[in-house]
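Me: I have a model open and want to go through it piece by piece. Can you take my questions as they come?

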Amino acid sequence: MTQITLPDNPYLLLTPGPLSTTATVKAAMLRDWCTWDRDYNEIVQKIRSSLVRLASPLPGYTAVLMQGSGTFCVEACMGTAVPGNGKLLVLANGAYGRRIATIAGRMGVAFGMIDTGDLVPPGPGHVDQALKNDPAITHVAMVHCETTTGMLNPVEKIGPVVHRHGKCFIVDAMSSFGGVPVDMAAIKADFLVSSANKCIQGVPGFGYVIAKTSEIEKTKGRSLSLSLDLFDQWETMEKGQGKWRFTSPTHVVRAFETALDELEAEGGVTARWQRYKENQKILAEGMTGLGFKPLLPETFQSPVITAFHSPEARGYDFKGFYERLKAQGFVIYPGKVTEIDTFRIGNIGHVFAGDMQRLVKAVKNAMTW
């Protein structure tokens, strides 16, 4: 058999995902799997159980995997969780919160939106008043880490308000789950959505929804989509012990199993959170020392991704800055804030303190303006 050597990566992906992964995660994709075989379906079941354990120490939760990007899973969740006679309240303070509203509109889901702007988190008072004013609202959705800016939103304050009003709480934890400690029971979340290629450090190809079992059991027949029917996918995985309805992303699933094992070996979510926080601290302090200004105050900043104001100096342009950093082994992200010129640097993935220190030196070298 020919020996396979994995090529070295020419750069680190300092983005909100996809992100840099370990050689062992990549190597896990070198074998083919048959979806009818018990050993593959046992991997799926192991993943589902692991995700539930990460989500809460309390019983009563279940997980369902869904083909596609994270947005596919958000859409599956909105289209399945909210009934035809229900109404969704979207709390938005960035592009990804607003995308939930766009999804609801496209799917014909009745919705309202509270948009606090990119630099202000939605607060419990906003939600309490909205739910008092509109009894038709049945579900509330918000993003945990809004990667437009890197803001960590206060789901732990919003969830209890939603719960007190007897409504269903949906959390888009796409860029935070596995890297920021969160307990679904503590924040009163009924559904939580994330993706394989974020803080758990797998590769793109599927996402997942973790839900209260009692809530997902209510959703049979609600979805108007075949492919994105979350209940149907969940029921098939339950009855088939890990079977998917349609073609399973087998290689990606196997890589994700390895990524979960590596998360546990690192010390779990708390240890990874500490590493990401250290990455972000080194980055923020180093960039500030070079004259860059972070977009957010520290109180709002997540350890996932950091946005910086673009320099106003003559001669600066993002594309040139990006290419000079890429040539030194680092890929960063353009800004996404509508009214402010920014760029973003991710702090997650198989990235460590020494990498962030090297990045700061590379940024200094790239400052040709």
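This is a predicted model: local features need pLDDT of at least 70, side-chain atom pairs count only at pLDDT 80 or more; totals for chains, interfaces and linings use all residues.

Me: Fine. With that, which residues is L51 in contact with, leaving aside its neighbours within four places in sequence?
Reply: L51 is in contact with A63, L65, F177, I200, Y208, I210 and F256.

Me: And which residues have the most contacts inside the largest nonpolar core?
Reply: L51 and F177. That core has 82 residues. Apart from it lies another core, of 22 residues, which includes F292, F321, V331 and V351. As a general point, nonpolar side chains in soluble globular proteins tend to be buried together.

Me: Is strand 2 buried or exposed, then?
Reply: Buried. Seven of the seven residues of strand 2 are buried, so the strand is largely enclosed by the rest of the structure. Both of its faces are covered: Y61, A63, L65 and Q67 are buried on one side, and T62, V64 and M66 on the other.

Me: How many bridges join strand 2 to strand 10?
Reply: Seven, and the two strands run antiparallel; strand 10 covers residues 206–212. Within that pairing, M66 has G207 as its bridge partner, and Y61 stands opposite K212.

Me: Staying with helix 2: where is N41? Buried or exposed?
Reply: N41 is in helix 2, which spans residues 38–55. N41 has a relative accessible area of 7%, so it counts as buried; the cut-off for buried is under 20%.

Me: What is N41 in contact with, apart from its neighbours within four places in sequence?
Reply: T35, W36, Q241, G242 and K243.

Me: Now the backbone. Which residues does the cis peptide bond join?
Reply: G17 and P18, with omega at about 5 degrees. P18 is in the loop between strand 1 (12–13) and helix 1 (23–27).

Me: What about K188, what is its phi?
Reply: About 65 degrees, which is positive although K188 is not a glycine. K188 lies in the loop between helix 7 (184–187) and strand 9 (191–195). Q201 also has a positive phi, near 70 degrees, and is a residue other than glycine. Q201 sits in the loop between strand 9 and strand 10.

Me: Why list those at all?
Reply: Because most residues other than glycine have a negative phi, and most peptide bonds are trans.

Me: How do K188 and Q201 count, buried or partly exposed?
Reply: K188 counts as partly exposed, at 34% relative accessibility. Q201, at 5%, counts as buried.

Definitions and conventions: Residues are numbered from 1 along each chain as its sequence is written. Side-chain values use heavy atoms; hydrogens and water are left out. Helices (H or I, at least four residues) and strands (E, at least two) are DSSP runs, numbered from the N terminus. Buried means under 20% relative accessible area, exposed over 50%, partly exposed in between (1.4 Å probe, protein chains only). Contact means heavy atoms within 4.5 Å. Two strands pair if DSSP finds at least two bridges between them. A nonpolar core is a set of buried Ala, Val, Leu, Ile, Met, Phe, Trp, Tyr and Cys residues joined through side-chain atoms within 4.5 Å.
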